[in-house]
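The sequence and structure are shown first.

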Amino acid sequence: MDFGPYLLLASLEGAVQSAVLALTAVGLSLVFGTMRVVNVAHGEFFMLGAVLAWWVTTFVGLHPAVGFIVALVVAPLAAGVIAAAADLTVLKRLKYDPESTIVATIGILYIIQQVVLMTYGPDARPVQAPFSHRFYTPWFGYSSYKLFVIGIAILLLLGVWVLMAKTRIGLILRATQLDREMAQAFGIPVERVYALVFGLGAALAAMAAVLIVPIQQAHYLMGGDPLLLSFIVVIIGGLGSLMGTVVAAVLIGMSDGIISVFFTPTLAKILATLLVAFVLIFRPNGLFGKRSS
Amino acid sequence: MSNKKIVSVSDSRRKALKTLAAGAGAFAGMSTLPGLVGYAQSASSEPIRIGFQVHRTGIGAAYGRWYNRTTQAAAKMINAAGGINGRPVEIVAEDDGTDPKRGAEVVEKFATQHKCDIAFGTLFSHVVIGSAPRAGELKLPYFVVSEGHHVASGMLNRYTLQPGITDVKSQVQAMAPYVASNLGKKVTMIYPDFAFGHDHRDYFSAAIEKQGGKVIQKIAIPPTESSFTKYFPKIPRDTDVIYHVMVGPAVLTFVKELGEFYGPNKPQIFGFIDSLEAVDMASPGLEFLDGTYFWEANPRYAQANQTSHDKAFRAAVGVDDNGASVSDSKDVSTYSHMFGCWETLYTVKAGMEAAGYQGPKDRAKLIEAVEAMSHIPLSDEHPQGAKIFNGKTHQVFGHQYITKVTNGKLVLAHTTSIEDTLYPDEVDYTKKSF
């Protein structure tokens with residue numbers, strides 16, 4: 001294939017990956033930024049979103065588009081409620097101690113994964129895309145749905161930004177993030193805020209999964225890759241920085257797309273991890289992270 | 001504990017036991033009468049325990065589900081017909097998570113904890129390669145149903161045999177002439193980046209060159225990959241034939257994205273059915289496959305020339321004429337692989353009967369008995385077709401099938417001979433010690 005179209009395809013693939021990655025990683029970053037909890041179970045909430053999407057679309061059974069829209073609402077909501085419940089029953093009781101919560105979220109990871117294995121089963125199941133249109137360039141064909149994913153992801157990210165920067169809830173979240181004790185002193189119900197944030201983080205991951213599941217398939221082991229990539233993105237972008245997370249997601253997603261197309265996917269992973277190492281050495285707080293006092 | 005109690009019983013009790021023993025002896029003498037022999041033997045018989053290493057979870061789960069159904073069906077048939085050497089067969093299934101490390105642990109469990117007579121049933125080549133050395137150390141006969149060339153290549157040991165399914169090297173060798181003469185000479189290969197895929201890469205490249213063809217591009221894909229479009233631009237434009245073989249939970253995504261990438265102007269496509277095992281051919285996005293070709297070890301759809309043996313096999317396992325479960329038409333089988341479990345169990349049965357197998361002390365005799373097998377005729381026990389077993393390489397050889405997708409169904413286009421699949425021996429396991 002000629003260089004031009006080759007690069008176009010690589011960029012498209014990279015953009016889809018960036019979009020989904022940005023959504024997933026923003027969820028992880030939000031939880032860390034506000035709660036200082038490293039959520040190792042984040043990838044499982046992603047998987048939960050995909051599996052719930054399969055269940056919802058199968059249950060609705062009408063036109064794929066109807067099922068998809070219902071799934072886009074129900075799956076993140078359900079994943080969010082489960083996450084909030086996990087926060088109230090487990091993390092709260094550990095007083096959000098950073099080390100204990102890592103171990104606790106590892107436990108949550110296995111519980112979610114095994115419950116899905118026992119109920120949904122070990123098979124990969126496809127979810128039909130809301131529409132099956134393709135467009136053809138003279139060199140290759142491409143699914144229009146993938147472009148739709150990029151569009152929706154941008155809208156959702158804008159929504160998160162509006163929520164954080166323009167609303168009262170956002171103000172409370174930012175206040176809690178800046179200084180937990182002071183926020184509490186001003187009458188902010190910090191524990192309820194934490195449950196909300198943990199739920200919101202999981203819901204964002206689940207939403208990313210609902211978008212990706214018509215391209216890939218729902219499978220109980222699919223949470224591993226998004227977790228790893230989200231960590232890479234969040235470390236490069238700066239833990240807790242939403243802007244940094246999005247920029248890093250685009251950087252990692254695009255480079256992964258382009259490097260895997262022109263060279264090999266393994267090289268793309270090697271470079272991403274190497275970048276993490278350099279960031280940790282030279283800018284330990286990430287590209288956009290603030291220096292801790 | 002119980003032995004000590006017996007020692008402490010009174011004299012009168014001991015006398016009573018002696019009388020009983022005499023009675024039993026008399027009964028044993030009686031039972032040498034013709035017709036009573038079988039009864040006397042089986043009445044005191046423990047079941048033959050077959051450790052079934054099954055991919056219940058992990059990336060091989062779809063195969064595991066059908067391997068399990070086939071194995072249970074075969075065990076039921078064998079038991080209904082009187083078992084092996086008058087003893088019933090008991091399947092002891094353990095999940096290995098399609099993971100080599102757990103595979104080795106499962107083999108160990110079979111030998112030491114479950115006291116199994118043999119281990120059996122592994123498919124994924126990395127699990128076989130991870131488990132076989134442990135089976136060899138434990139001197140546990142290990143009957144794999146894997147397709148990998150690792151058995152016949154001499155990489156494993158005398159305890160590992162593959163008598164129920166053919167290996168990749170023989171399969172691709174038999175495919176190459178058909179591909180070169182009917183589809184084209186310039187081939188691009190897409191395969192998973194582990195032992196099984198490397199077998200495809202190495203042996204098909206060599207085989208197509210013998211036919212005057214050439215593999216012009218080799219695209220290796222990590223087995224855990226979930227998105228494939230980014231690999232397709234590497235397919236050269238002058239490719240005549242795309243040769244694809246993929247495994248794992250993402251196979252449907254792989255084939256769908258291949259269709260999206262090409263649209264209507266596609267080269268010839270020849271795939272190993274592994275790329276679509278357990279996947280419904282009617283899945284949305286697979287329409288472009290019409291007119292493309294697949295290798296199948298055992299045609300998924302009942303063909304016009306269906307044998308009575310295939311019919312009986314489908315009925316026993318619960319598979320309909322479309323290769324799906326009779327109870328759920330969406331639950332598509334791994335038809336080109338699972339017959340291997342059925343045939344392997346019947347080979348184990350024949351081997352144990354020939355060896356007069358009584359228990360673990362006869363394991364070496366069992367292996368020698370299987371090594372002595374050669375021609376295996378088409379039958380209800382071997383419904384996929386006639387086979388030739390090579391005792392030196394521990395590998396079986398058989399017919400291969402090429403089917404063409406026609407109106408969403410796989411229709412038989414070509415059947416190879418067994419001779420097409422033979423190659424010179426690379427090892428003589430019979431010269432290795434037990």
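## Confidence of the model

The predictor's confidence in each residue is expressed as pLDDT, on a scale from 0 to 100. The model is predicted, and chain B has an average pLDDT of 88, with 90% of the residues scoring at least 70. Within chain B, the lowest confidence belongs to helix α1 (residues 2-7), whose mean is 42, and the highest to strand β4 (residues 142-143), at 97.

For residues 1-11 of chain B, the model has one contact beyond four places in sequence. For residues 23-44 of chain B, where pLDDT also stays under 50, there are eight contacts beyond four places in sequence. For the complex, the predictor gives an ipTM of 0.82 and a pTM of 0.82.

## Architecture of chain A

Chain A contains eleven helices and two strands. Along the sequence, these elements follow the order α-α-α-α-β-β-α-α-α-α-α-α-α. The radius of gyration of chain A is 19 Å, close to the 19 Å that the globule rule gives for 293 residues, so chain A is as compact as a globular protein of that length.

Taken along the principal axes, the box filled by the C-alpha atoms of chain A is roughly 65 × 50 × 35 Å. Of the 293 residues in chain A, 48% count as buried. Among contacts in chain A between residues at least 6 apart in sequence, 77% join residues at least 24 apart.

## Helix α7 of chain B

Helix α7 of chain B spans residues 168-183 and bends by about 30° at Met175(B); a proline, Pro177(B), follows within four residues. Just after α7(B), Gly184(B) adopts a positive phi of about 155°.

The buried residues of α7(B) include Val168(B), Val172(B), Met175(B), Ala176(B), Val179(B) and Ala180(B). Lys169(B), Ser170(B), Gln171(B) and Gln173(B) are also among the buried residues of this helix. The elements of chain B that cover the buried residues of α7(B) include α8 (195-210), together with strands such as β6 (186-192), β8 (241-244) and β15 (395-398).

## Contact between the chains

The contact takes 27 residues from chain A and 22 residues from chain B. On the side of chain A that touches chain B, at least two residues each come from α1 (3-35), β1 (134-136), β2 (141-143) and α10 (242-262). The most is given by α1(A), with four residues. By residue class, the side of chain A that touches chain B comprises 14 nonpolar, nine polar and four charged residues.

Technical notes:
Residues numbered from 1 in each chain as written. Chains lettered and ligands numbered in written order. Predicted model: local features only at pLDDT ≥ 70, side-chain atom pairs only at ≥ 80, totals over all residues. Rg over C-alpha atoms; globule rule 2.2 N^0.38 Å. Buried ≥ 20, exposed ≤ 12 C-beta atoms within 10 Å, placed from the backbone. Contact = placed C-beta atoms within 7 Å. Bend = angle between axes of the 7 residues up to and from the residue. Nonpolar A, V, L, I, M, F, W, Y, C, P; charged D, E, K, R; others polar.
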